[in-house]
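Trainee: I have the sequence and the model open and would like to walk through them with you. Could we take it one region at a time?

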Amino acid sequence: MGRPVVAIVGRANVGKSTLFNRLVGRQVAIVEDRPGITRDRLQEEVEWRGKYFLLVDTGGLGYPDGRLEEQVERQVQQAVRDADLLLFVVDGRQGITAEDEEVADWLRRQDRPVILVVNKVDGPEAEGRAWDFFRLGLGEPFPVSALHGRGTGDLLDRVLQEIGGGAEEEKAEAIRVAIVGRPNVGKSSLVNRLLGAERVVVSEVPGTTRDAVDVELVHEGQRFVLVDTAGIRRRSRIDTPTEYYGVRRALRAVERAQVVVLVLEAPVGVTSQDKRLAARVAEARKALLVVVNKWDLLDAGARRAYPALLERELAFVAWAPQLYVSALTRRRVAEILPRVRAVFAASARRLPTAEVNRFFTEAVALTPPPQKSRKPAKLFYAAQAGVHPPTFVLFVARSECFTSAYLRHLEGRLREAYDFEGTPLRILVREKGSV
Ligand code: GDP
Ligand code: GDP
């Protein structure tokens, strides 16, 4: 699902950044007076009448050296592919230019809805000139003044009309991901692959500490925040103080994340440091995906032996799925974000109360807890108390019978019955009456 994406396209200096800032409701994009200033694509969430959509500023089309065609192709194609609706911005004071016509020609051949926005219509006297733009064959021109806010509320209404019920009532959540692992396992290579992937929109947002840079990207309509990519990107030498700092930094990223991607190095296997990191992730009760990188360096025999190796070495996080990738050859790198999403969904999973009760009642009836006294243990009812991770509370009599071994057994049954792959689970026991 994900929120609708609305992209602003148009040649340089027509006022795209100004419009972007106006619609977002604050200063985000840099407004430049000189044409041809390259800038990164920006995206921000826009809220209007209780609905949300993602607004993307595609940056300027057209360069001073005149290599327009290539720019038009690349920028607009990308925007069109990612967007549900396009705002094609033109300059109402300047009138139609050859560049405008070129973009318009191309847009007409696409199957995306377009609103033709005529900007710089600062007063009613300028309105008449907006109608000239009918000639572009993209429907009725919509006059606005991004600078003064004239007509921009109406434009937002029109946008909601176009994207219709698709606009979500609630703010879609970004999944916060920490990519951790020993130095040299290939974290930065993987991050660069993820950011370089085709349908990804990048913008840097400030993190909690001065030098922690979180990078936000959108993949198939889902927002992801890669927590502290500066910590990943900074090349560190493998000496003790830096490495200690690296681990501290990784743990801080884990704390701020909802999903952790633990990167291992295939030829090296699972080191004690890898295990410690995995254990810390489990202690922090974060969802986990184990990515084994540099798969290209293994021969067929080593590859076959790998699942058993991981099962043995990472038994304490057996619930975490594993993915064998190569940042070098891109093998299965495209599966990382979909898996992160699945793992996040598992950790956010909430079962209906009736279902929780039915499941635990049946499981306890089938295999009762070990009896510790003359009276058997008893389960009164069960409830799911929370998510991230899914947490269940059993209200019982004779709680001492619900040993940790027995709770592990229940957890196993729970995992067989429902998809909780990648998330830790908690099962708590309360003596009924004591709560
Ligand atoms: P972009 O390159 O398409 O992103 O254009 P900018 O947003 O950087 O704006 C280019 C110039 O046009 C800046 O000097 C803006 O102040 C100006 N501008 C933008 N919107 C309006 C408008 O509605 N009216 C007038 N008069 N000027 C505008
Ligand atoms: P980081 O310290 O975890 O960020 O690791 P880097 O991304 O800097 O990678 C460390 C080294 O491993 C670099 O020389 C990379 O080129 C190399 N590397 C990364 N991924 C792969 C891979 O999938 N296969 C191979 N053969 N080398 C890789």
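Trainee: To start, how many bridges join strand β1 to strand β4, and do they run parallel or antiparallel?

Mentor: Four bridges join β1 (residues 5–9) to β4 (residues 85–91), and the two strands run parallel; strands here are DSSP runs of E of at least two residues, helices are runs of H or I of at least four, and both are numbered from the N terminus. Two strands are said to pair if DSSP finds at least two bridges between them. Within this pair, Val6 stands opposite Leu85 in β4.

Trainee: Before I go on, what kind of model is this, and what are the conventions?

Mentor: It is a predicted model, in which local features need pLDDT of at least 70 and side-chain atom pairs count only at pLDDT 80 or more, while totals for chains, interfaces and linings use all residues. Residues are numbered from 1 along each chain as its sequence is written, chains are lettered from A and ligands numbered from 1 in the order in which they are written, and side-chain values use heavy atoms, with hydrogens and water left out.

Trainee: Back to the sheet, then: what is the order of the six strands?

Mentor: The order is β2-β3-β1-β4-β5-β6, in an open sheet with mixed pairing. Its edge strands are β2 (42–48) and β6 (142–143), each of which pairs on one side only.

Trainee: And Asn119, is that buried or exposed?

Mentor: Asn119, which has its place in strand β5 (residues 114–119), counts as buried because its relative accessibility is 3%; buried means under 20% relative accessible area, exposed over 50%, and partly exposed in between, with a 1.4 Å probe and protein chains only.

Trainee: Where does Thr58 sit?

Mentor: Thr58 has its place in the loop between β3 (51–57) and α2 (68–82), and Thr58 is buried, with a relative accessible area of 0%. The C-alpha atoms of Thr58 and Lys16 are separated by 8.6 Å, although these residues are 42 apart along the chain.

Trainee: Switching topic, why is β12 largely enclosed?

Mentor: Seven of the seven residues of β12 (residues 287–293) are buried, so the strand is largely enclosed by the rest of the structure. Both faces are covered, with Ala287, Leu289, Val291 and Asn293 buried on one side and Leu288, Val290 and Val292 buried on the other.

Trainee: Which strands does it pair with?

Mentor: Strand β11 (residues 259–265) pairs with β12 in the parallel sense over seven bridges, and Val261 stands opposite Leu289 in β12. Strand β13 (residues 322–324) also pairs with β12 in the parallel sense, over three bridges, and there Val290 stands opposite Gln322 in β13.

Trainee: Last topic: which residues come nearest to ligand 2?

Mentor: Of the 16 residues around ligand 2, Asn184, Lys187, Ser188, Ser189 and Asp296 come nearest, a residue being near if one of its heavy atoms lies within 4 Å. Helix α6 (residues 187–196) gives the largest share of the shell, three residues.

Trainee: What about polar atoms at its oxygens?

Mentor: A backbone N or O atom of Lys187 lies 2.8 Å from an oxygen atom of ligand 2, and a polar side-chain atom of Lys294 lies 2.9 Å from an oxygen atom of the ligand.

Methods. Polar contact = N/O pair within 3.5 Å; in protein donor to acceptor, adjacent residues only side chain to side chain.
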